[in-house]
Amino acid sequence: MTELKNDRFLRALARQPVDRTPVWMMRQAGRYLPEYLATRKQAGSFMDLCRNTDLACEVTLQPLERFDLDAAILFSDILTIPDAMGLGLYFVAGEGPKFRKTVRTAAEVEALPIPDVEKDLDYVMNAVSRIHKELNGRVPLIGFTGSPWTLATYMTEGEGSREYRHAKAMLYGQPDVMHQLLDKLAQTVTAYLNAQIRAGAQAVQIFDSWGGSLSTPAYLEFSLKYMEQIIHGLIRDNQGRKVPVILFTKGGGQWLEHQAATGADALGLDWTTELSSARARVGNRVSLQGNFDPSALFAPPAAIRAEVGRILDSYGSGPGHVFNLGHGINQHVNPDHAKALIDAVHELSEPMHKAYNKD
């Protein structure tokens, strides 16, 4: 087992005392960094970048060279699973991801293969293994996946959507078909995350990007149920260390109590849910991650620092908080503003933890 030089991220997820609040950012390796854009150009395309072990490792580590981050997150995409199922993922500049094939009928769901993740997604595991080796215990490595519901929306729509017309038509009109699709995805996601853990991921996050689009009954039946199934199927200890699971439903703050009962170690929050309220609702059952509004990074550094202080105060004293954005960092953010956020988290939280740990 590689000894971790900085384990405050894992300690916070385990609700153990830390010297300062750990911080990382969703999409921290990405288009807001000029060095990422240069590497992306070298790769030729986004998927070529994901499939190139050396370059995927390089862009994963780039933000750690700039910022004092407490975790690295694998550079990949949530849509690698539908791509491995034969749907033909591709990216259009300015329009985002698209699929050459969709899954909209019972026959298409029935014919959908469950991929061999070790074989069909070996490039992901190769990247995890390389990144873990290159980090050499510097900080923990986070693996990730999309939730079954989020993946299903892309697979039925064929691209991103604001209405989820085909996904919701299946959910309400053919619920058995949707359940069959979600079960296939849950099986694949479980195997995918376990393969990442075996390759070296020391924590994993489930991104339920579109769970917040559902009604409460639909969320519980078609999204949360399958995330709980995945959590129960995961490797939770590897190489003598617990592997924590973070569950993040964007727009899902109204369901925190249900999420806390899934077996997840931490819940991610977007900026629409106040940390103090969330902490009061879930108590000591889980840690909380979040929840700086990514758009606030367009403000001056002094305003960023003030908002960091407000969020830290909202969570209050004691362990169990991982600072993060409430969603991915915007591609137009000035990297110096990201640095202002990260430095402010560490500087402002250190005296809070020192006082708590002393008591």
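Guide: The accessible surface of the protein comes to about 14,200 Å², and carbon and sulfur atoms hold 47% of that area. Such areas come from the Shrake-Rupley method with a 1.4 Å probe. The model is predicted: local features need pLDDT of at least 70, side-chain atom pairs count only at pLDDT 80 or more, and totals for chains, interfaces and linings use all residues. Residues are numbered from 1 along each chain as its sequence is written, and side-chain values use heavy atoms, without hydrogens and water.

Visitor: What makes the protein as compact as a globular protein of that length?

Guide: The protein has 16 helices and 11 strands, which are DSSP runs (H or I, at least four residues; E, at least two) numbered from the N terminus. Its radius of gyration is 19 Å, close to the 21 Å of the globule rule for 359 residues, so the protein is as compact as a globular protein of that length. The radius is taken over C-alpha atoms, and the rule is 2.2 Å times the number of residues to the power 0.38.

Visitor: Why is strand β8 called largely enclosed by the rest of the structure?

Guide: Buried means under 20% relative accessible area (exposed is over 50%, partly exposed in between; 1.4 Å probe, protein chains only). In β8 (residues 245–249), 5 of the 5 residues are buried, so the strand is largely enclosed. Val245, Leu247 and Thr249 point one way, Ile246 and Phe248 the other.

Visitor: How do you know that β8 pairs with strand β5 and with strand β9?

Guide: Pairing requires at least two DSSP bridges between two strands. Strand β5 (residues 203–208) has 5 bridges to β8, running parallel, and 3 bridges join β8 to β9 (residues 266–268), also parallel.
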